[in-house]
Amino acid sequence: MKATETPPPVVKVTEPAPVSKSPAPGGKEKSGEGKILNVFSHGVLIIWAVLVVMPLLWAIMTSFKTDDSILSTPWALPDKLHFENWSRAWGQAHMSEYFLNTVVVVGGSLIGTLLLGSMAAYVLARFDFPGNRFVYYLFIGGMSFPIILALVPLFFVMNNMGLLNTTHGLILVYIAYSLPFTVFFLTSFFRTLPGSVAEAAMLDGASHTRTFFQVMLPMAKPGLISVGIFNFLGQWNQYMLPTVLNSDPDHRVLSQGLVELANSQGYKGDWSGLFAGLVMAMLPVLAAYIVFQRQVVAGLTAGAVK
C-alpha cells in the first residue's frame, strides 16, 4: 500500500489593518484660520484697489465731459469724447510749457541723483575708511530732516548764489533733496552684489572708475530702476520746493501750472479743462510705473537674498 502524502498546512497571512491617520489636533482649525485670513487679506486688497482706481477712472472720464454734464451728472458717462478740453488746457492754459519745464527739471535731477547717489553708495558699501559709518548715518539723518524747516535758509542761500528762479538751481535742489534716500537704498543693494566680480576686474587691470561704470553699475540695474521710479514720483509731484524757489512764470512746473489753472480767472469755471490738465500730469507717472513695474519689484526683492 502506498502512503498518502498529506499536503502541507496552508498558512493564511493576514495583512495588517490600515492605520488611519487621524488629523493632528488643531489641524482643521489652522486650515480654517488660514482660509479666513486669506479671504480677509484679499478683501482688503480689493477695497484698496477700488479706492485707488475709481478716482483715477473718474478723473479720466470727467476730462472728456462738458462743464454742464460734470455739474449735473458727475457719475454719468460722457455723451461723446470732448477732446477740445485737452487742446484747450494744452494750449490756452500753457500746460505744454509747464510740461516741458517739468520734463527738463525732473530729467536733469533724476540723472544727477542716480549718478551721484550710486557713486556715493558704491564707496560706502565696498570700501572701508575712517568715517565710513559717520558719512552713511549723515545720509540717513537727511531722510528724517523735514524739508519745510529748510525752506527759509534754502531760499536765502539760493538767492545769494544767484540760483533763484532758475531751472538749473531747481535741479540742484531736487538732487540734494533726493540723495539721502538714494544713497540709503543703493548702499544696501551694492552690499548684496558679489565682490568677486569686482576683484576679477581689478586683477585684469581695470581701474576703480572702470570697474564701477562697466562692471558694478550694470549689475545694479534693478536697484537703479527701482530707486529711479521712486525719485521720479517724488520729483514729478513736488510742489513745495518749486513754489518757494521758482516764482518765475516762465519756469513753472506742472504742479504750479495746475494750481494756476485752478485759480486763474479765465478758467474759474472750466472744470473740464482742469481735469484734462490733471490727467496730463498723471499720465507720465502711470506710464513709468506700468512700463517698469517688474523691474521695481525685482529691485525691491533683490536685496532680500544674497
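Biologist: Where is His-94 placed?

Modeller: This is a predicted model, and in it His-94 sits in the loop between H3 and H4.

Biologist: Why is His-94 called partly exposed?

Modeller: Its relative accessible area is 38%. Buried means under 20% and exposed means over 50%, so His-94, at 38%, counts as partly exposed.

Biologist: What makes the phi of His-94 worth a remark?

Modeller: Most residues other than glycine have a negative phi. His-94 is not a glycine, and its phi is positive, at about 65°.

Biologist: Where does Asn-165 lie, and what is its phi near?

Modeller: Asn-165 lies in the loop between helix H6 (151-160) and helix H7 (167-192). The phi of Asn-165 is near 60°, again a positive value in a residue other than glycine.

Biologist: How do you know whether Asn-165 is buried or partly exposed?

Modeller: The relative accessibility of Asn-165 is 24%. Buried requires a value under 20%, so Asn-165 is partly exposed.

Biologist: Which residues have the most contacts inside the largest nonpolar core?

Modeller: That core has 24 residues, and those with the most contacts inside it are Trp-86, Met-95, Phe-232, Trp-236 and Leu-254. Elements giving two or more residues to the core include helix H3 (84-91), helix H4 (95-126) and helix H13 (271-291). H13 gives the most, with eight residues.

Biologist: How do you know what Trp-86 is in contact with?

Modeller: Contact means heavy atoms within 4.5 Å. Leaving aside neighbours within four places in sequence, Trp-86 is in contact with Ser-63, Phe-64, Ala-276, Val-279, Met-280 and Leu-283.

Biologist: Which residues does the second core include?

Modeller: The second core is separate and has 17 residues, among them Leu-151, Leu-163, Leu-164 and Leu-241.

Biologist: Which residues make the nonpolar surface patch of about 910 Å²?

Modeller: Ile-46, Ile-47, Trp-48, Val-50, Leu-51, Val-52, Val-53, Met-54 and Leu-57 make this patch. One of them, Met-54, is in helix H1 (residues 27-62).

Biologist: Why is Met-54 called partly exposed?

Modeller: Met-54 has a relative accessible area of 44%. Exposed means over 50% and buried means under 20%, so Met-54 is partly exposed.

Key. Residues are numbered from 1 along each chain as its sequence is written. This is a predicted model: local features need pLDDT of at least 70, side-chain atom pairs count only at pLDDT 80 or more; totals for chains, interfaces and linings use all residues. Side-chain values use heavy atoms; hydrogens and water are left out. Patches are made of residues with over 30% relative accessible area and no salt bridge: like charges are joined within 9 Å, nonpolar side chains (Val, Leu, Ile, Met, Phe, Trp, Tyr) within 5 Å. Accessible areas come from the Shrake-Rupley method with a 1.4 Å probe; for residues, only the protein chains shown count as cover. A salt bridge is a side-chain nitrogen of Lys or Arg within 4 Å of a carboxyl oxygen of Asp or Glu. Helices (H or I, at least four residues) and strands (E, at least two) are DSSP runs, numbered from the N terminus. Buried means under 20% relative accessible area, exposed over 50%, partly exposed in between (1.4 Å probe, protein chains only). A nonpolar core is a set of buried Ala, Val, Leu, Ile, Met, Phe, Trp, Tyr and Cys residues joined through side-chain atoms within 4.5 Å.
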